[in-house]
Amino acid sequence: MGLDYQLVLWNKYKKTYDKIIALSMLLYVMVFAGVTFAFNSETSIETLVIRAFGSLAIIMLHLILIIGPLSRLNRRFLPILYNRRHLGVSMFIAAFIHGGFSMFQFHALGDVNPIYSIFTSNMDYGSLTNFPFQVLGFLALLILFVMASTSHDFFLGNLSAKVWKRLHMMVYVAYALIIAHVFLGAFQQETSFFTIGVLAIGFIIVTSLHLITAFKERKIDRTKVSEKDGWLEVCNISEIEEDRAKIFTVDNERVAIFKYDGKLSAIHNVCKHQGGPLGEGKIIDGCITCPWHGYQYLPSNGQSPPPFTEKVATYELKLDGEMVFINPKAFEEGTEVNPCKI
Amino acid sequence: MEIAINVFLGILGVYFLVGLLVGIIFLLKAKKFDPLMADTKKKVRFLLFPGVIATWPFLIGKLFKSKTV
Ligand code: HEM
Ligand code: FES
């Protein structure tokens with residue numbers, strides 16, 4: 001949406017969230033250190049750092065994975081979603097400290113290259129209980145690096161949204177690798193039951209939340225709409241909240257119908273930035289504002305306010321009493337449509 | 001297994017070395033990659049540098065195309 005690239009698209013909320021992230025990370029590491037020393041005073045500093053940052057990274061990864069589904073189930077989580085990128089980059093830093101210290105501790109003292117050593121110091125690739133689990137951590141860290149380093153709109157534009165999205169879907173591969181890393185590592189290190197327990201519960205939460213949202217999405221796609229003279233009856237006007245939208249599937253496309261200032265407007269639900277669900281956002285300063293990163297569109301024509309140039313398709317609406325009807329045929333992207341007066 | 005590891009790490013190493021090279025070209029001539037970089041502060045290049053190393057195969061195409069511009 002920008003005309004040049006900023007270091008970070010800051011606003012005052014983001015700065016606050018970043019402070020919260022940094023402070024929480026610090027607090028976690030301090031509490032972790034306190035508890036470790038209280039129960040096991042012989043733990044070396046290196047081991048402490050490795051464990052503190054490893055577990056911190058995986059907790060953060062869980063948060064990152066559940067924000068998406070959570071904010072679809074409850075809008076109150078949306079502010080965290082806006083800040084997911086920063087959470088992701090911070091998570092990478094924590095994982096990097098963990099991986100870096102492990103390499104330093106276990107692989108840097110010999111005369112082989114430490115990365116080579118991760119792969120070859122234990123060649124028991126056929127074993128389950130003695131599997132070289134650090135290799136899995138290394139591969140996961142590699143994926144996290146690619147994701148963290150491309151978490152900027154420059155890459156979104158230059159890699160193309162499709163490639164970028166694919167790269168970032170790799171987070172699930174990384175997640176699987178990390179779970180295997182911790183579980184297989186647990187046979188060889190004294191990984192605490194706490195870590196394993198958190199991981200198991202986390203896995204259940206992540207998968208069930210994803211399933212619930214997938215289910216909910218299917219419901220939207222299957223909602224029956226009845227047809228009358230080519231117009232589709234979608235809902236009663238009272239079902240849409242002021243300055244919000246309801247999403248319907250019309251002609252196999254998702255459409256968001258917004259209610260604002262005593263008017264109704266309908267646009268294609270898919271944001272031009274990264275495909276965010278516009279209908280889950282709200283109207284701010286007269287513009288439909290994408291819940292993911294805040295791209296804006298005018299409800300009457302689907303165009304981003306100048307100087308921006310993004311456009312989405314618009315739809316025609318009409319009211320019959322209390323009932324809202326939509327013409328399933330989409331207009332060209334950015335076509336002005338008179339809002340339907342309530 | 002050793003052979004597979006050597007091949008994998010060899011490819012990874014070459015990938016990153018080429019990436020480093022493309023990354024350095026990016027630091028010097030970011031405009032060629034993306035015209036928007038012309039109006040962008042220099043600091044941003046350093047922020048983007050690691051990402052260029054990671055994804056250079058997707059970006060070098062632009063380098064050759066924009067030579068004619
Ligand atoms: C180069 C990459 C990596 C290496 C060499 C590595 C190495 C290790 C080692 C040696 C341990 C055992 C530590 C101990 O209990 O003493 C471990 C455990 C662990 N690793 Fe990694 N790791 C890497 C990447 C990652 C990544 C990317 C994550 C997650 C984001 C991760 C998460 C964990 C967790 C949660 C544990 C269990 C911590 C505990 O024992 O309490 N690791 N890793
Ligand atoms: S998807 Fe990023 S702003 Fe809409």
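Colleague: Where is Gln296(A) found?

Modeller: Gln296(A) is found in strand E8 of chain A. Strands (E, at least two residues) and helices (H or I, at least four) are DSSP runs, numbered from the N terminus. This is a predicted model, in which local features need pLDDT of at least 70 and side-chain atom pairs count only at pLDDT 80 or more, while totals for chains, interfaces and linings use all residues. Residues are numbered from 1 along each chain as its sequence is written, and chains are lettered from A and ligands numbered from 1 in the order in which they are written.

Colleague: Is Gln296(A) buried or exposed?

Modeller: Gln296(A) counts as buried because 21 other C-beta atoms lie within 10 Å. The term buried requires 20 or more other C-beta atoms within 10 Å of the residue's own, exposed means 12 or fewer, and partly exposed is in between, with C-beta atoms placed from the backbone.

Colleague: And what does Gln296(A) touch?

Modeller: Leaving aside residues up to four places away in sequence, Gln296(A) touches Cys287(A), Ile288(A), Thr289(A), Ser304(A) and Pro305(A). A contact here means C-beta atoms, placed from the backbone, within 7 Å of each other. By contrast, the C-alpha atoms of Gln296(A) and Ile50(A) are separated by 43 Å, and the two residues are 246 apart along the chain.

Colleague: What sheet is formed by E6, E7 and E8 of chain A?

Modeller: These three strands form an open sheet of chain A in the order E6-E7-E8, with antiparallel pairing. Two strands pair if DSSP finds at least two bridges between them. E6 (282-284) and E8 (296-297) of chain A are the edge strands, each pairing on one side only. Three bridges link E6(A) to E7(A), residues 287-289, and Lys282(A) stands opposite Thr289(A) in E7(A).

Colleague: Turning to hairpins, how many residues lie between E3(A) and E4(A)?

Modeller: Two residues lie between them, and Asp251(A) in the turn has a positive phi of about 55 degrees. E3(A), residues 244-250, runs antiparallel to E4(A), residues 253-260, and seven bridges join them. Ile247(A), for instance, has Ala256(A) in E4(A) as its bridge partner.

Colleague: What about E10(A) and E11(A)?

Modeller: E10(A) and E11(A) also form a hairpin with two residues between them, and Gly321(A) in the turn has a positive phi of about 65 degrees. Their antiparallel pairing, between residues 317-320 and residues 323-326, runs over four bridges. Asp320(A) has Met323(A) as its partner in E11(A).

Colleague: Now the core: which residues of the largest nonpolar core touch the most other members?

Modeller: They are Ala57(A), Leu61(A), Ala94(A), Ala140(A), Leu144(A) and Ile178(A), in a core of 46 residues. Helices of both chains each supply at least two residues to this core, including H2 (45-73) and H4 (84-107) of chain A and H3 (42-65) of chain B. The most comes from H2(A), with ten residues. A nonpolar core is a set of buried Ala, Val, Leu, Ile, Met, Phe, Trp, Tyr and Cys residues joined through C-beta atoms within 7 Å.

Colleague: Which residues does Ala140(A) touch?

Modeller: Not counting residues up to four places away in sequence, Ala140(A) touches Ala174(A), Leu177(A), Ile178(A) and His181(A). There is also a second, separate core of 29 residues, which includes Phe258(A), Leu264(A), Cys271(A) and Ile288(A).

Colleague: How many residues surround ligand 1?

Modeller: Ligand 1 is surrounded by 29 residues, the closest being Gly54(A), Ala57(A), Gly99(A), Ser102(A) and Gly137(A). A residue belongs to this shell if its C-beta atom, placed from the backbone, lies within 6 Å of the molecule. H2, H4, H6 and H9 of chain A each give two or more residues, and the largest share, eight residues, comes from H2(A). By class, the shell has 14 nonpolar residues, 14 polar and one charged. Nonpolar here means Ala, Val, Leu, Ile, Met, Phe, Trp, Tyr, Cys and Pro, charged means Asp, Glu, Lys and Arg, and the others, Gly among them, are polar.

Colleague: How many residues of chain A are in contact with chain B?

Modeller: 19 residues of chain A are in contact with 21 residues of chain B. On the side of chain A, two or more residues come from each of H5 (114-120), H6 and H7. That side has 13 nonpolar, five polar and one charged residues.

Colleague: Lastly, where in chain A is confidence lowest, and where highest?

Modeller: Confidence is lowest in E1(A), residues 226-228, at a mean of 69, and highest in H6(A), at 95. For chain A the mean pLDDT, the predictor's confidence in each residue from 0 to 100, is 86, and 93% of its residues reach 70 or more.

Terms used. Contact = placed C-beta atoms within 7 Å.
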